[in-house]
Amino acid sequence: MPSSSNKPENDLYHKLKWLILFRVVFALLLLGSNITLQFSERPSSPAWSLQVFYGLVVAIFLLSFYYALILKHVKRKLLFAYIQIGTDTFVVTTILFITGSFASIFSFLYLVVIIYSSMLLFRRGSMVMAVLCSIQYGIMVDLEYFGIINPLYMKEGIVIGDYDWRHVFFKVMITMIACFAVAFLSGFLSEQLRRTRKKLLALEDRVDRVEKMAYMGEMAAGITHEIKNPLASLSGSIQILRKEIPYNPEHDKLMQIVLRETDRLSTLANNFLLFAKPPIGKIEKIELESTLTETIKLFEKGRADTTGVSIASELFSNVWIEMDPTHLRQVIWNLLLNAAEAVESGGLIRIKTYPLKHDYAGIEISDNGHGIKEESMQSIFDPFFTTKPSGTGLGLSIVHRILESYNTWLDVESKVDRGTKFTFKLKRIDPPT
Ligand code: ADP
Ligand code: MG
């Protein structure tokens, strides 16, 4: 599974493996460089400084071996990483001490440690390492400056006492500032990288989900098709039976129930198909006013229970859009239906269109019905969410899906017992000549 290997714990595990390898390579390089130096005469190095040096290399090897051995079994990987990298800062200080402390050219190694600490431990870790490095460097140079310790010179010459204290102070400050600047920068970068990766993963998840939804939609659409055919023959057969057999009020009632329920089921199946697999639209240039007026008329005629409900329309004329007219009709129809179901008799539904900035047209359908409760608000677009005893909960999801395919969406405002207003906008086009 890709998602399991992307977990941060796992991520740290892989990085730690690389770090251990990197450390071994580093120790090898250190060893190699010293051997070459040995061959090109270095008489001034005292033998015991070499012993310390070899001891250090062996210690790094042993530590790496130990780390590699326990890496798999360590539960608290983050703490483990802190300990490893913290130890590295001490190793670097020792290298500096052997190679001349204040005079050593290896102080840049602190920066290397800080940079990879930011890759594993992010901003906080790199700051912690910068503090550790600064303290160690400061203490080492101070002790040397006051003659408490004597660095092991691999190289003859420079003695700290030769310098002015200001020069020493300056160099320590510069090193410390460099440590913090690098910690800040690399911490910042890795923090950003981490955030971007997180976003990417979330996006990947969403794409997965959408893919799965699409697949399920396909399947559900297939099944729904299979349900629709037997339903049609069922209701057809009952209708024939009803005509053929002698009238019996009891039986007639039962057959009516069958007819009513098959009708309901097939409406549900049709609606579900619209939602799960909306037909690909045939985009046409349409004029809003005439299309909406026609839809409103059909709606008023088609619904017996809209008596007592009046529809007031305020439509801008000569506004053109590009859309499949059946899509537009479906959207308006579903919104009108919900509005009509929300108002009692005597209620008022308003439908308005108006021009908007940037070549858009706004469409608004409002009612003075019972409104939507706060807690329902975030669910009304979910398929199958309904507050009605015989609702399907598909009306708004269909609207949402259709509008989505035109890169627009529904906005809703509602006050309980006062009414609801749905708005959306569509891109306007120039009237065809
Ligand atoms: P259905 O109409 O089958 O319930 P919809 O998806 O069309 O499904 O609507 C979902 C829910 O949103 C409704 O059950 C209702 O609670 C709420 N709703 C939608 N439109 C309105 C409206 N105009 N007024 C009040 N409630 C509404
Ligand atoms: Mg509805």
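These are my notebook entries on a predicted model.

I began with the pairing of strand 3, residues 320–323. Strand 3 pairs with strand 1, residues 284–287, in the antiparallel sense over 4 bridges. I looked up one of the bridge partners and found E287 set against W320 of strand 3. On strand 7, residues 419–429, I found 2 bridges to strand 3, and these two strands also run antiparallel. Here I noted that I321 has R428 of strand 7 as its bridge partner.

I then looked up side chains on strands 1 and 3. E322 forms a salt bridge with K285, and their closest N and O atoms are 3.6 Å apart. This pair links distant parts of the chain, since E322 is in strand 3 and K285 in strand 1, 37 residues apart. I list E322 as partly exposed because its relative accessibility is 40%. K285 is likewise partly exposed, with a relative accessible area of 45%.

**Entry: helix 9**

Helix 9 covers residues 325–342, which is 18 residues. I have 26 Å from its first C-alpha to its last, close to the 26 Å expected at 1.5 Å a residue. I went through the helix for buried positions and wrote down P325, H327, L328, V331, I332 and N334, then L335, L336, N338, A339, A340 and A342.

I took H327 for a closer look. H327 sits in helix 9 and counts as buried because its relative accessible area is 9%, under the 20% cut-off. What does H327 touch, not counting residues up to four places away in sequence? I found P279, G281, I402 and Y406.

I have K388 as partly exposed, with a relative accessible area of 31%. E341 is partly exposed as well, at 37%.

**Entry: other salt bridges**

How many salt bridges does the structure hold? I have 13. Among them is a network in which D11, K15 and R197 are joined by salt bridges that share partners.

I also looked up E261 and R264, which form a salt bridge with their closest N and O atoms 3.5 Å apart. Both residues lie in helix 7, residues 249–276, and they are 3 residues apart, about one turn of the helix. An α-helix has 3.6 residues a turn, so residues three or four places apart point the same way. I noted E261 as partly exposed, with a relative accessible area of 32%. R264 also counts as partly exposed, at 46% relative accessibility.

**Entry: the loop between helix 4 and helix 5**

I looked up two serines in this loop, which runs between helix 4 (77–98) and helix 5 (108–145). S101 is in the loop and has a positive phi of about 50° although it is not a glycine. Is S101 buried or exposed? I have it as buried, with a relative accessible area of 1%.

S107 is found in this loop too. At 17% relative accessibility, S107 counts as buried because the cut-off is 20%. Leaving aside neighbours within four places in sequence, I found S107 in contact with L96, Y137 and T175. I also took the separation from I95, which is 12 residues away along the chain: the two C-alpha atoms are 9.0 Å apart.

**Entry: H358**

My next positive phi was that of H358, near 55° in a residue other than glycine. H358 lies in the loop between strand 4 (348–356) and strand 5 (360–367). I have H358 as exposed, because its relative accessible area of 63% is over the 50% cut-off.

**Entry: a nonpolar surface patch**

Which residues form the nonpolar patch on the surface? I wrote down W18, L21, V25 and L29, with about 460 Å² of accessible area together. I checked L29, which lies in helix 2, residues 8–39. L29 is exposed, with a relative accessible area of 58%.

Notes: Residues numbered from 1 in each chain as written. Chains lettered and ligands numbered in written order. Predicted model: local features only at pLDDT ≥ 70, side-chain atom pairs only at ≥ 80, totals over all residues. Heavy atoms only, no water. Buried < 20%, exposed > 50% of the residue type's maximum accessible area, 1.4 Å probe, protein only. Contact = heavy atoms within 4.5 Å. Patch = residues over 30% accessible without salt bridge, like charges linked within 9 Å, V, L, I, M, F, W, Y side chains within 5 Å. Areas by Shrake-Rupley, 256 points an atom, 1.4 Å probe, with all protein chains shown as cover. Salt bridge = Lys/Arg side-chain N within 4 Å of Asp/Glu carboxyl O. Expected span 1.5 Å × (residues − 1). Pairing = 2+ DSSP bridges.
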